Amino acid sequence: MKGDNIMKAFTINELENIFEIGRAMQCAADEGEIEIEDSKNAFLFAARLAMEFEEKYLDSEDYYGDLDEFITGKILEEFKVEV
């Protein structure tokens with residue numbers, strides 16, 4: 001993940017996804033479920049997930065449910081709290 005450079009114009013849907021993923025990440029951090037040490041890498045991670053979600057769930061019937069299901073495990077794994 002480190003060193004990834006994303007150079008593209010995002011669609012409105014991708015931007016909405018980034019926003020929602022960021023909210024989910026912040027909520028998980030506030031709850032102590034994850035630890036975000038580098039906000040730039042967190043943003044790049046959210047951007048990658050947003051694009052991936054748009055590719056896989058182009059015509060989602062349950063946007064928020066599908067997004068939550070798609071991102072939850074990935075966020076927890078990427079930013080898991082080291083014990």
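Predicted model: local features only at pLDDT ≥ 70, side-chain atom pairs only at ≥ 80, totals over all residues.
Let me start with the helix pair. H1 covers residues 12-30 and H2 covers residues 39-56, and the two pack with their axes 8 Å apart. The angle between them is about 130 degrees. Angles over 145 degrees would count as roughly antiparallel and 65 to 115 as roughly perpendicular, so H1 and H2 are oblique to each other.

Now, who touches whom? On the H1 side we have Asn13, Glu14, Asn17, Ile18, Ile21 and Met25. Across from them, H2 brings in Ala42, Phe43, Phe45, Ala46, Ala47, Leu49, Ala50, Met51, Phe53 and Glu54.

Let's move on to a pocket. The second largest pocket has a volume of about 170 Å³. Which helices each supply at least two residues of its lining? Those are H1 and H3, with H3 spanning 63-78. H3 gives the largest share of that lining, with five residues.

If you'd like to find the lining on screen, look for Ala24, Cys27, Ala28, Glu31 and Glu33, and then for Asp68, Ile71, Thr72, Ile75 and Leu76. Six residues of this lining are nonpolar, one is polar and three are charged.

Technical notes: Residues numbered from 1 in each chain as written. Heavy atoms only, no water. Axes fitted to C-alpha atoms, helices over the stretch in contact; angles between N-to-C directions. Helix = DSSP H or I, 4+ residues; strand = E, 2+ residues; numbered from the N terminus. Parallel < 35°, antiparallel > 145°, perpendicular 65-115°, else oblique. Contact = heavy atoms within 4.5 Å. 1 Å grid on protein atoms, 1.4 Å probe; cavity = no way out; pocket = protein on both sides within 12 Å on 5 of 7 lines; lining within 4 Å. Points joined across faces, edges and corners; volume = space filled by probe spheres on them. Nonpolar A, V, L, I, M, F, W, Y, C, P; charged D, E, K, R; others polar.
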